[in-house]
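Here is a short briefing on ring contacts. Look at the structure first, then read the points below.

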Amino acid sequence: MLIPAVAEPQLHWQISGRVLCEDRDLGGEWNSHQVEPGLLFLITSPDPYELRWKSLGPDPIIVMHATIGLPLLARAAKELQGTSAKIPRLIEFNAIRDSTILSFLEMLRRELAEQKTASPSFVQGIAQSLATHLVRTYRDETNPRPHRSTALPAYQLHRILRIMDASLEEGVNVGKLAEAVEMSESHFSRLFKGNTGFSPSQYFIRMRISKAQELLRETTRPIIEIGMDVG
């Protein structure tokens, strides 16, 4: 699957399941590594990548993803470095264990998954504490240039992908997608390509093909029906 880049750093926590993962730059060579429960990954790359995986055991594969909002990082930087501090770059890490990050993520998971109604102030407090820990511990001291991005923020990208997924049969209009995030069509298309490496129309074709592949694998429906369902 294609993993889009987003404007913000992304934390991945392997909660359960042992997995053989392979990733690559778009069209590049595959790199493989095993992932064990409790391992953490911080993704800060501005480029999308492709991912595939295979389970190595009977346990269910459960992964938590947390996108760290840039306003949280900006507030942490000002507290730690002064009011003139810009949003810092963070160092990517792969397959590490950090008990502080794990405790924050576990509190977030319980609040969001187990409470009938999550408390916004509680979630915001944990998120800000997590951002402060990341800036304090994983700030990239070798690259002092402030964080910059030419991609949509995660919440806007997810909104667009939900619209696309709900429109596989009838199709989408790039202008309508741009309106959904209150941007001009050209600006939206440029940022979306920063997320995915593809124009909105090219990415939409990939989504249709991917959905068709899924339905062909997992159902016994006639091909013509599947083709109609995905436009």
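A search of the whole structure turns up 3 aromatic pairs. Rings of Phe, Tyr and Trp (its six-membered ring) pair if their centres lie within 6.5 Å; planes under 30 degrees apart count as stacked, over 60 as edge-to-face and the rest as tilted. This is a predicted model: local features need pLDDT of at least 70, side-chain atom pairs count only at pLDDT 80 or more, and totals for chains, interfaces and linings use all residues. Residues are numbered from 1 along each chain as its sequence is written, and side-chain values use heavy atoms, leaving out hydrogens and water.

**Phe-93 and Tyr-138**
- These two rings form a tilted pair, 4.7 Å centre to centre with 50° between the planes.
- Phe-93 lies in strand 8 (residues 93-96) and Tyr-138 in helix 3 (residues 120-138), so the pair ties together parts 45 residues apart in sequence.
- Helices (H or I, at least four residues) and strands (E, at least two) are DSSP runs, numbered from the N terminus.
- Phe-93 is buried, at 6% relative accessible area.
- Tyr-138 is buried too, at 15%.
- Buried means under 20% relative accessible area, exposed over 50%, partly exposed in between (1.4 Å probe, protein chains only).

**Phe-192 and Tyr-203**
- This pair is edge-to-face: 5.5 Å centre to centre, 80° between the planes.
- Phe-192 sits in helix 6 (residues 185-196) and Tyr-203 in helix 7 (residues 200-218), 11 residues apart.
- Both Phe-192 and Tyr-203 are buried.

**A charge over a ring**
- The charged end of Arg-52 sits over the ring of Trp-30, 4.0 Å from its centre.
- This term requires NZ of Lys or CZ of Arg within 6 Å of the ring centre and within 35 degrees of the ring normal.
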